[in-house]
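Below are some questions and answers on a protein model with a ligand. Read them with the structure open.

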Amino acid sequence: MDKTARMDVRKRLRLDPAAISVTVGEKGTDATPGVKGRKQAAKDVAKLGPKLADLQERLYAEGKAGGTRRVVLLLQGMDASGKDGAVKHVVGLVNPTGVKITSFGKPTGLERRHDFLWRIARALPAPGYLGVFNRSQYEDVLIVRVHNLVPPAEWKKRYALINAWEAEQVAAGVTFVKVFLHISQAEQRKRLLARLADVRKHWKVNPGDIDERVMWEKYREAYAAVLERCSTDAAPWYVVPADHKWYRNWAISHLLTETLQELDPQWPARPELDITGMTRALKES
Ligand code: AMP
Ligand code: MG
């Protein structure tokens, strides 16, 4: 692949600030830009897996050798938009040793006693790691805004606080891959119904999710504000059409691989080691 082809999916899916209302609208959730169909997507992902795993291992090695770089895959989207599925199918392609996954739920008592970014900062991966945020700091301007969990004067300040915090992390070696999983209301309904119909999915059922659907318009507004205010050059948003699970997996695999390809982590050299001498000693032992 040449360099332009490599950058393709990131370019394609990077949030277009001029089209935010379209982006969070019902249009395009079943689009599959960049891929012909399920079969080709599965083939591509199978090919990409080893590449992604190799890149992640290099990053891990770099981190062990004193590097500071790390990657955070940040997943946001409505209930049943496929955040868990993305973790399973995309993050599952790499060595779990180098992965740190954090799911953010309703803040605990301890978390509530701190600033909203406190628990997020604690979840940042160490150098060399791939961090995964299943939900994130953005809940504090999404559910919090929709349900008035703090006064507007409070959450309104958070967009700028989040941007500043992310820029700080980027300067310290973090690369964010912020993914908005975009599903339609109809697809969400289908998935929530499927959950109810399958005893193996009942553990995921939250009666609140059905009430949340009534708030769909409010969430749309809240997501529009996030995309409008928090897609920065340092940490842009990617919008992944997510009605098709296979497309979601395809797109996120590419976004991660392209990001790591650009970081281009190298196996650390160890000039201090006497490789020849050690090899000889071992052979003679
Ligand atoms: P789940 O992802 O299904 O485990 O659900 C986690 C729930 O926690 C979701 O309803 C989130 O909106 C909620 N949640 C996450 N972060 C926050 C937050 N900062 N404040 C309030 N609720 C939150
Ligand atoms: Mg849920």
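Q: In which loop is Asp264 found, and is Asp264 buried, partly exposed or exposed?
A: In this predicted model, Asp264 is found in the loop between helix 14 (245-263) and helix 15 (275-284). Its phi is positive, about 50°, although Asp264 is not a glycine. Exposed would require over 50% relative accessible area and buried under 20%. Asp264 has 44%, so it is partly exposed.

Q: Is Asn148 buried or exposed?
A: Asn148 lies in the loop between helix 8 (143-146) and helix 9 (152-156). Asn148 is not a glycine, yet has a positive phi of about 50°. The cut-off for exposed is over 50%. With a relative accessibility of 57%, Asn148 therefore counts as exposed.

Q: Which residue has a side-chain N or O atom 2.8 Å from an oxygen atom of ligand 1?
A: The residues around ligand 1 include Gly105, Arg119, Glu139 and Asp140. A nitrogen atom of ligand 1 is 3.2 Å from a polar backbone atom of Gly105, and a nitrogen atom of the ligand is 3.2 Å from a side-chain N or O atom of Asp140. The contact at 2.8 Å, from an oxygen atom of ligand 1, is to the side chain of Glu139.

Q: How much of the accessible area of ligand 1 does the protein cover?
A: The space taken by ligand 1 is the largest pocket. On its own, ligand 1 has 510 Å² of accessible area, and the protein covers 71%.

Q: What end-to-end distance should helix 13 span?
A: Helix 13 (residues 216-230) has 15 residues, at 1.5 Å a residue.

Methods:
Residues numbered from 1 in each chain as written. Chains lettered and ligands numbered in written order. Predicted model: local features only at pLDDT ≥ 70, side-chain atom pairs only at ≥ 80, totals over all residues. Heavy atoms only, no water. Helix = DSSP H or I, 4+ residues; strand = E, 2+ residues; numbered from the N terminus. Expected span 1.5 Å × (residues − 1). Near = heavy atom within 4 Å. Polar contact = N/O pair within 3.5 Å; in protein donor to acceptor, adjacent residues only side chain to side chain. Areas by Shrake-Rupley, 256 points an atom, 1.4 Å probe, with all protein chains shown as cover. 1 Å grid on protein atoms, 1.4 Å probe; cavity = no way out; pocket = protein on both sides within 12 Å on 5 of 7 lines; lining within 4 Å. Sits in = over half its atoms within 2 Å of the grid points. Buried < 20%, exposed > 50% of the residue type's maximum accessible area, 1.4 Å probe, protein only.
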